[in-house]
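Take a walk through this structure, one piece at a time.

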Amino acid sequence: MVHKKDLQRVGPVVWEIPPTFRPDMRVPVRLLADERLLDAALGDESLTQAVNASTLPGLVGHVTVMPDVHQGYGFPIGGVAAARLTDGVVSPGAIGYDINCGVRLLSSGIPFADARPLLGDLASALDAHCPSGVGTKGSVPLTAKELDRVCREGASWALKQGWATAEDIACTEENGRIDGADPECISERARQRGRPQLGTLGAGNHFVEVDVVEQVLDARAAQAMGLQEGHLALQIHCGSRGFGHQVCSDFVAELQPATRRYGIQLPDRELVCAPIESPEGRRYLAAMACAANYAFANRQILAHHAREAFEEVLRGHVRRWELHQVYDIAHNMGKIEEHTLAGRRERVCVHRKGATRAFGPGFAGLPPQYRPLGQPVLVPGSMGTASWVLLGTATSMEVSFGSCCHGAGRVMSRHQAKRTLRGERLRQDLEQAGVHVRAGSLAGLAEEAPQAYKDVDAVVEVVTQVGIATKVARLRPVAVVKG
Amino acid sequence: MTLGYTGGVPSSGYVEIDHTADWALRVHGVDLADLLQQAAAGMLALAGALPVPDATTQPRTLRLQAADRETLLVRWLEELLFLLENQGLLPGPIQLEVGPGLQLEARLRLGPVGRLSRAIKAVTFHGLHVIDTSEGVEATLVFDV
């Protein structure tokens, strides 16, 4: 257990656990937090998990812990760790079961005032068009060959089916397709789970949310993104569904003996890993890329369904009902990237679990409209609270391997939320506050109550104070669909 | 909330424990086979899995083998999750034996699942140790949700 006395304050909102804290640490842990968020991080096992993560071989710099951190399994949610390609490891548990869980934001020219009377219908239409819930089957059951294509092509597969625009693809991290995917590395069981579920939202904390752009803080960036104050926007939060979960489960099992074989000592078996350049490491990265591409395609198909819902409800009532992609970003991913370490460029595998990429201006992988600004960073709130649109900065490359926070971060356990909150009452409260809610499970809704999360505004204040992101716009939810 | 204890000393059963983002269960069994049974019951209760009333069931035998007790526990629960999510099948009463070399044989009666209220993404190895106690065996399981 980590206590406050174990942390050294190294900046106004930066705290360090030095490697002397535990003999098996290889690098320091750095937490970005104000006093209140620090207390929240000390309230569970988050920082112990970050210390455990710091024992992975070949890590460089420090393990960064974002202000929205919370306890996960093995590696904390809100953690970033980079391992050298030459002697570092890749750990599936440090990326997560929901590989390429992420968020997509679409903007619109729909004035909130015009759409307001139709928001209940819009919530119902989104609920009807976007399959959600436990183990749901999607609208596009795949053959084995089609699944292989999805694995290799990602969101581009959806473009070929007519379910995407070229603009959507350009405004997706990695253009919606990670290199190196090899479907040969996918188990039969993962295939069985993946074939029926493409184009589904799932359950838990995944959602489709209609927002109104409440405040623009960077007019130039907001204009580039198509975000206008008082107009609607849409967020989609989901990942690779049972396909990605199975890929991670398969490799957490497969790497148990591999970790022993490579003589790697770990404080937690959920951190099992293999050298990045080993056959096991390469196989995992090839399978992970398949799941990441599946997730990009999944969010693309859900965006297509959301567009159908918008047209169905709003056509004839508003002048323009189209949705334009702002950006789509992963927050559970392992990426091979080049970073500057001690003045030298080096290739590393950046593990981001509950953390987004946040590259600054000039990054060649951004579409032209964002290249001078930096990469859009999407920070969804918690159903009843704000969400934020930020921009990555050059500072993030120095502080956090080009990474930022991914949300508000839980602070209350699901167990406690279930004990203290009632789904029906929560739905009534949200409706009274002007948020239309469609939820597959009231118990599930209670677990995801805004009270179970940290203050997203405080999280965003910390990342902007540290300088790893700048503010563009604040969004307010007006309709939410939960699985 | 106690889910599975029937009172007295919890030598056999399960209890939900706090975890910020996921679900966790502390499971007790008089022996490893009982622990596997209790863990299955606990996981299915967490998922809110209910059968279709009066539906026909079919027998199935599952055989698994693992290098250690923790891996056997994870693999067993993963098998049940797959049946639940992908096949829509819920086990009724389970007869389960663990033989030498950690070979598990489970005889199940599977029926259609009528309701499944929560999604479990995966069974994790996080902090997982099957511990021998004076009353049997114990483990704490974390499920990714």
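Helix 10 of chain A and helix 11 of chain A are roughly antiparallel, because their axes cross at roughly 170° and angles over 145 degrees count as roughly antiparallel. The axes come within 9 Å. They are lines fitted to C-alpha atoms over the stretch in contact, with angles from 0 to 180 degrees between N-to-C directions. Helices (H or I, at least four residues) and strands (E, at least two) are DSSP runs, numbered from the N terminus.

This is a predicted model: local features need pLDDT of at least 70, side-chain atom pairs count only at 80 or more, and totals for chains, interfaces and linings use all residues. Residues are numbered from 1 along each chain as its sequence is written, while chains are lettered from A and ligands numbered from 1 in the order in which they are written.

Residues of helix 10 of chain A, including F251(A) and L255(A), meet residues of helix 11 of chain A, including Y284(A) and M288(A). Contact requires C-beta atoms, placed from the backbone, within 7 Å.

Now the two chains. In chain A, 35 residues are in contact with 27 residues of chain B. Helix 10 of chain A gives the most to the side of chain A that touches chain B, with six residues.

In chain B, P91(B) sits in strand 5 (residues 89-99). P91(B) is buried, because 24 other C-beta atoms lie within 10 Å; the cut-offs are 20 or more for buried, 12 or fewer for exposed, and partly exposed in between, with C-beta atoms placed from the backbone. Not counting residues up to four places away in sequence, P91(B) touches L80(B), L108(B), R109(B) and L110(B).

Methods: Two residues are in contact if their C-beta atoms, placed from the backbone, lie within 7 Å. Angles under 35 degrees count as roughly parallel, over 145 as roughly antiparallel, 65 to 115 as roughly perpendicular and the rest as oblique.
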